[in-house]
Amino acid sequence: MKAINERSPEIWTIGGGKGGTGKSFVLSSVGICLALQGKRVILIDADLGGANLHTFLGINKPGISLTDFFEKKVPLPDLVVDSGIKNMGLLIGAIHSLSPDGIKYTQKLKLFRHIKQLNADYVLIDLGAGAHFNTIDTFLLADKMLVVIIPEIIAIENLYFFLKNAFFRHLINSLGRHGLKDVVQKAWKNRDEHDIKNFTQLIDYLKGLSKTMENIINTKLSDFRVYIILNRINTSQEIMIGNSVKSICKKYFGLNSSYVGYIEFDAVISRCINKRQSFMQAYPASRCAKEIERLTENLLEGRDISTKL
Amino acid sequence: MSREDYSKYLETLELHPGASLSEIRKAYQHLKALYSRESIVTLPIEDELSAAVKRQILHQIEEAYQGLLVSFEEEEDTAENEMGSRPAMKNYEQTSVELTTFTGQALRKIRERLNIDLQDIALSTRVQTQYLNDIELENFEALPPVAYTRGFVISYADYLSLDSKKVADDYMSRYSAWKDEHGKKK
């Protein structure tokens with residue numbers, strides 16, 4: 001999760017488990033905010049099964065995609081197309097021929113390496129729904145990991161599931177480097193024996209195995225942080241759901257997060273998407289646009305929303 | 001209180017250093033509700049988050065809150081107080097339990113002592129600031145009909161963690177008396 005050199009772009013990924021929470025909308029809007037500030041942005045649509053970021057930007061499906069990177073070895077920068085917005089390029093995931101599960105591990109690493117070498121200030125990567133390990137590995141690639149939830153129980157439930165998976169993947173990747181790759185799986189496989197029923201108990205059990213394990217887990221817990229965005233709220237009371245989720249993540253799972261902002265429900269947004277109009281450009285003075293600007297600022301600063309109001 | 005405790009307590013209440021008393025109180029109320037009630041945030045892990053874990057978290061929250069109140073009390077010990085020997089902040093809950101008459105003036109004093117703005121209450125309860133002000137001034141003429149005013153008083157009292165039924169019963173008795181006296185204009 002570290003930049004290779006000074007010129008490496010900062011990578012932001014967006015996930016969260018449930019589909020339809022507005023990940024692509026939020027990411028494209030945040031990208032536009034950054035681009036309008038003069039930052040060079042590349043949006044990558046890594047929703048390999050259902051890439052559609054171009055629709056949010058109101059452009060046609062580009063003829064080139066990540067498929068060409070994998071199959072024809074086209075250099076990644078050559079696949080970045082004009083997004084229609086100044087300072088922002090778009091790179092779309094494979095829409096055909098390549099099934100999402102079809103990428104080999106080495107191909108994935110190669111892609112990650114090339115992403116980190118892209119010439120931009122920010123690379124924003126949109127992920128598909130779900131908690132598949134390919135999705136999670138891309139999620140973990142980020143300097144900043146964003147998650148989007150909506151005030152619905154299913155979205156929050158999926159988020160917890162997604163975060164637990166992401167953290168274990170993060171931990172296992174690191175344990176692998178210490179030659180302890182299978183410890184987590186083994187503990188989980190024999191969970192009945194060790195009386196492990198949930199995430200917290202598994203973490204506690206692992207910490208108890210050895211001092212080394214405890215240190216690794218504590219380090220991994222401290223360098224894992226997600227940035228929560230609450231989308232489509234209907235009342236001002238719902239603003240606090242972000243604080244609540246953040247609290248549960250910390251107090252119950254031990255996971256750090258920042259609650260960077262919320263976006264109100266606005267029917268105009270769906271209308272814009274259906275008309276293939278970029279909302280941020282069509283309604284720059286709207287409340288939602290202002291909320292997105294504010295949360296982008298908070299993301300840049302790495303700080304929480306001020307819920308003092 | 002040691003610096004370490006202060007930081008620990010603030011962390012428990014998920015606050016930044018230098019948080020005001022009203023922020024502390026709000027954070028406390030929010031977290032207390034979060035870990036003692038069911039919501040869409042806690043229900044998905046209801047099977048994991050055992051009663052014992054919740055109790056432990058609630059205990060930490062309570063300890064942090066009480067600890068922080070004491071720190072504010074230590075800080076403000078020199079501040080003069082119109083109510084004479086000022087009841088210590090930590091005894092505030094008891095003081096309000098002992099009170100039986102909740103005039104608008106008394107409510108305002110409690111609120112001010114807690115360092116809470118009317119705007120804070122308005123934001124949280126969705127009762128207009130103007131009505132909250134009228135409640136404190138006992139400006140009965142400006143207040144809406146009984147059912148609404150009662151609701152407002154209950155929200156107000158809830159926000160201050162007062163026994164809202166007791167407050168509303170007492171407050172509304174004066175409101176009704178005033179109404180009887182001034183005919184059925186309302």
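Predicted model: local features only at pLDDT ≥ 70, side-chain atom pairs only at ≥ 80, totals over all residues.
Q: How many residues are in the largest nonpolar core?
A: It has 88. V245(A), I248(A) and L13(B) have the most contacts inside it. A nonpolar core is a set of buried Ala, Val, Leu, Ile, Met, Phe, Trp, Tyr and Cys residues joined through side-chain atoms within 4.5 Å. Buried means under 20% relative accessible area, exposed over 50%, partly exposed in between (1.4 Å probe, protein chains only).

Q: Which helix gives the most to this core?
A: Helix α6 (residues 153-177) of chain A, with eleven residues. Helices are DSSP runs of H or I, at least four residues, numbered from the N terminus.

Q: What does V245(A) touch?
A: Leaving out residues up to four places away in sequence, V245(A) touches I149(A), I156(A), L159(A), Y160(A), I228(A) and V41(B). Contact means heavy atoms within 4.5 Å.

Q: Switching to the chain contact: how many residues does it take from each chain?
A: The contact takes 23 residues from chain B and 23 residues from chain A. The area buried between them is about 2000 Å², and carbon and sulfur atoms give 65% of that. Buried area is the accessible area (1.4 Å probe) that two parts lose on being put together, summed over both.

Q: Which residues of chain B lose the most area to chain A?
A: I40(B), V41(B) and E48(B). Together they make up 30% of what that side buries.

Q: Is M240(A) buried, exposed or partly exposed?
A: M240(A) is partly exposed, as its relative accessible area is 30%. M240(A) sits in helix α11 (residues 240-253) of chain A.

Q: How far apart are M240(A) and Y259(A)?
A: They are 19 residues apart in sequence and 9.8 Å apart in space, C-alpha to C-alpha.

Q: Now chain B. Which residues are buried in helix α6 (residues 118-125)?
A: L118(B), D120(B), I121(B), A122(B) and T125(B). The buried residues of α6(B) pack against α2 (21-36), α5 (104-113), α7 (129-137) and α8 (146-159) of chain B.

Q: What follows α6(B)?
A: R126(B), with a positive phi near 65°.

Notes:
Residues numbered from 1 in each chain as written. Chains lettered and ligands numbered in written order. Heavy atoms only, no water. Helix = DSSP H or I, 4+ residues; strand = E, 2+ residues; numbered from the N terminus.
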